Amino acid sequence: MTITGSVESAEPVVRTGCGVVRGRDEDGLTVFRGIPFAQAPVGDARFAAPRRPRPWDGIRDAFAFGPPPPQDLGAVGAAGPPDVPAGDDWLTVNVWTPAPDPAARRPVMVWIHGGAYKMGHSGSPAYDARRIAADGDLVVVTLNYRLGMEGFAHIEGAPANRGLLDQVAALVWVQENITAFGGDPDQVTVFGESAGAGSVASLLAMPRAAGLFRRAVAQSVPGTFFSTGLAADIGTALAGELGLRPTVEDLAGIAPDQLVRAGQALAPKMPGNVPRWGRAAPTVTPYAPVVDGEFLPVTPWRALASGAARDVDLMAGHNRDENRLFTALAGKLGEIGEDRASAALRLYAPGGEAAYRAAFPEASANDLYERVQTDWLFAMPSLHLAEAHLAGGGRAHVYELTWPAPAFDGALGACHALDIPLLFGTFQESLALLQFGGAEPSEEALALSSRFRADWTAFARTGDPGWPAYDTRRRLVRVFDAEPAVAPYPEETSRRLWDGHEFTPLPLVGQEA
C-alpha cells in the first residue's frame with residue numbers, strides 16, 4: 001500500500017469516506033483493489049466485531065488485492081494462493097466499475113466467496129469479476145472476511161459470527177461509498193456460493209444486515225448451521241489442540257497460523273466424533289454460522305418463513321451432482337460401497353435408509369451415497385430457502401445446473417463449484433482446473449457461461465433473471481444445461497423425501513462413546 005500527497009493523477013481517483021484511493025483502467029473498466037472497509041482485526045481488535053477503518057491523508061494506491069485472512073489452504077495446496085501480499089490488513093474490498101462516475105448509479109453486485117468458512121479470499125483469480133462487470137454494465141464488489149477460528153470459532157469473551165459481522169461491515173461500506181464508484185446503493189445484490197451462499201442466507205436473517213441490499217443470490221446453500229452448544233463444544237476441541245481454553249484471554253496471544261493449524265489438526269478427527277457432533281462430524285469442517293440468538297437469532301429458513309426478508313428478491317439454486325467434487329478430491333469417485341452408503345443414509349436421510357432405497361430402487365450404493373450427501377448438504381437447503389421465502393411473502397427464482405464438467409469424460413457431473421467458472425468465465429483457475437482438465441473451454445461451455453452472466457446480471461438489474469418465479473404449484477426452475485430450459489424442478493423424488501423437513505441448528509447430540 002502506497003500513500004502519496006497529491007490528488008492530481010493520470011490514473012482514476014475516488015474519494016471515499018476515509019480518504020482518496022487511486023485505481024487503474026483495465027480492459028475498459030476501472031479497478032480498485034485492497035480498499036479497507038474495517039481496521040485490521042489484530043491487537044485489541046482481534047476477535048472483536050469489526051471496527052470502522054482509520055482515515056488516511058493523501059492518495060492510497062488501490063492497485064493490489066489485500067492480504068488473505070489466515071486460512072486452511074485445503075485443496076489450494078501447501079504453496080498457497082499466488083501473488084498475494086503478506087500482512088494483517090485482511091478486511092478489504094475490491095471494485096470493478098465501468099466508470100467511477102457518481103451520476104452513473106449502476107446496479108451493484110457484491111460477491112461473497114465460499115470455502116467451508118475456513119479458506120478463500122477475494123483476490124483469487126477464480127473471482128476476477130471483469131466479465132460480470134463488463135457484460136452486465138454494472139459495478140462488482142468482492143470482499144474478504146475472517147475465516148476459521150478468527151471468524152467463526154466459539155470463543156468466550158468474543159462475539160459469535162465475526163466473519164458474518166465483517167460481511168455486514170463491508171455492506172455498510174458499500175452503502176456509504178459505492179456512489180462515488182458509479183454504483184447505486186439502492187440497487188445492491190449480494191451473491192455467493194457454498195459458504196458464501198450460507199453467508200448470504202445468514203445475512204437475510206440478520207437484523208444488522210436489514211436494508212443493506214435489495215436482492216440476493218444463494219448458489220449451493222450449505223445446510224450446516226451450528227447450535228451454540230455444538231459450537232462451544234467444537235470450540236473447546238479446537239483450543240484443546242493447542243492445550244488452551246477457548247477464551248479471548250488464552251487465544252489472543254497465539255499467532256494466527258497456529259490457530260489455523262489447530263483447525264487442520266482437528267478436522268481429520270471429526271468423523272470419529274459422530275456420537276457427539278452428529279451430522280457435523282463427517283464434514284471435517286469445524287466452522288459454520290452459529291444460531292446465537294443475537295446476531296443470527298434463528299436459522300435462515302425460519303427467518304425467511306416468518307417474513308424477515310420478504311422485501312428482498314431471492315434467487316437460489318444448486319448443482320445436480322454437488323457431492324461428486326468431494327469424492328473426487330478424496331480419490332473415491334465412483335468407488336463408494338454399501339457400508340459407506342448405508343452409513344450416510346442412516347445419518348442424513350430424513351425418512352431413514354429404507355425411504356431412500358425405495359425412492360431410488362435402481363440406484364447403486366455409490367449413487368445413493370452421492371444423492372443423499374448432495375441432498376442434505378446443498379440441494380434441499382437451497383430449495384427450502386426459496387420455499388421458506390415464498391412462505392414468508394417473498395419472491396424467489398430457482399435454478400439447477402445439470403451440465404456436466406467436461407473433465408474425466410463427464411464423471412464429475414454437475415459437481416460442486418462448477419457454477420463459479422461458468423459465472424466468472426475463469427476456466428483456468430482453482431477448482432476449474434480439475435473440472436475442465438486444464439483444457440480451453442468449448443463453445444458450448446462459453447455459451448453457457450455467457451448465459452449465466454446474462455441471467456445473474458439481469459436479476460441484479462431488475463429482479464427478473466429471465467424465467468418465471470418459483471411457486472409450489474408448477475415449481476418451474478431454470479435448468480442450466482447445454483440448452484438451458486425452463487422446466488419443473490428436476491429433483492422431484494428428492495424434494496418429496498425432504499418435504500416437511502426443517503433445517504434446524506445442528507445440535508450437540510450426546511457424550512462421546
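In H16, the buried residues are Ala445, Leu448, Ser449, Phe452, Arg453, Asp455, Trp456, Thr457, Phe459 and Ala460. Before we go on, keep in mind that this is a predicted model. H16 has 20 residues, and the distance from its first C-alpha to its last is 28 Å, close to the 28 Å expected at 1.5 Å a residue. Just after H16 comes glycine 463, with a positive phi of about 85°.

What does H16 pack on? Eleven strands form an open sheet with mixed pairing, in the order S4-S5-S7-S9-S8-S10-S11-S12-S13-S14-S15. At its edges are strand S4 (24-26) and strand S15 (485-488), each of which pairs on one side only. From one strand to the next, the twist averages 25°. Helix H16 (residues 443-462) packs on this sheet and touches S8, S10, strand S11 (215-219), strand S12 (313-319), strand S13 (396-401) and strand S14 (476-480). The direction of H16 makes about 150° with that of S11.

Strands of a sheet pair through backbone hydrogen bonds, and the pairing is either parallel or antiparallel. You can find both kinds in this sheet. Strand S8 (residues 106-112) and strand S9 (residues 139-143) run parallel and are joined by four bridges. Here methionine 109 stands opposite valine 140 in S9. S13 and S14 also run parallel, with three bridges joining them, and leucine 401 stands opposite phenylalanine 480 in S14. For the antiparallel kind, look at S14 and S15, which pair over four bridges. Leucine 476 has proline 488 in S15 as its bridge partner. S14 and S15 form a hairpin, with four residues between them.

Stay with S14 for a moment. Five of its five residues are buried, so S14 is largely enclosed by the rest of the structure. Both faces of S14 are covered: Leu476, Arg478 and Phe480 are buried on one side, and Val477 and Val479 are buried on the other. In the loop between H16 and S14 you will find arginine 475. Although arginine 475 is not a glycine, it has a positive phi of about 55°. Arginine 475 counts as buried because its relative accessible area is 15%, under the 20% cut-off. Serine 430 also has a positive phi, near 50°, without being a glycine. Is serine 430 buried or partly exposed? With a relative accessible area of 48%, serine 430 is partly exposed. Its place is the loop between helix H14 (419-424) and helix H15 (432-435).

Now turn to the aromatic rings. How many aromatic pairs does a search of the whole structure find? There are 24. In one of them, the rings of phenylalanine 32 and phenylalanine 181 have their centres 5.0 Å apart and their planes at 90°, so this pair is edge-to-face. Phenylalanine 32 lies in strand S5 (residues 29-36) and phenylalanine 181 in the loop between H3 and strand S10 (183-193), so the pair ties together parts that are 149 residues apart in sequence. Phenylalanine 427 is buried at a relative accessible area of 6%, and phenylalanine 436 is buried at 5%. One aromatic cluster is made up of Tyr399, Phe452, Trp456, Trp467 and Phe480.

The charged end of arginine 24 sits over the ring of phenylalanine 63, 3.8 Å from the ring centre. Likewise, the charged end of arginine 60 sits over the ring of tryptophan 56, 5.3 Å from the centre.

Our last stop is histidine 154, in the loop between helix H2 (148-151) and helix H3 (162-177). Histidine 154 is partly exposed, with a relative accessible area of 28%. Which residues does histidine 154 contact, leaving aside its neighbours within four places in sequence? They are Ala231, Ala232, Gly235 and Pro246. The C-alpha atoms of histidine 154 and isoleucine 234 are separated by 7.7 Å, although these residues are 80 apart along the chain.

Conventions:
Residues numbered from 1 in each chain as written. Predicted model: local features only at pLDDT ≥ 70, side-chain atom pairs only at ≥ 80, totals over all residues. Heavy atoms only, no water. Helix = DSSP H or I, 4+ residues; strand = E, 2+ residues; numbered from the N terminus. Buried < 20%, exposed > 50% of the residue type's maximum accessible area, 1.4 Å probe, protein only. Contact = heavy atoms within 4.5 Å. Phe/Tyr/Trp six-rings, centres within 6.5 Å; stacked < 30°, edge-to-face > 60°. Lys NZ or Arg CZ within 6 Å of the ring centre and 35° of its normal. Pairing = 2+ DSSP bridges. Axes fitted to C-alpha atoms, helices over the stretch in contact; angles between N-to-C directions. Expected span 1.5 Å × (residues − 1).
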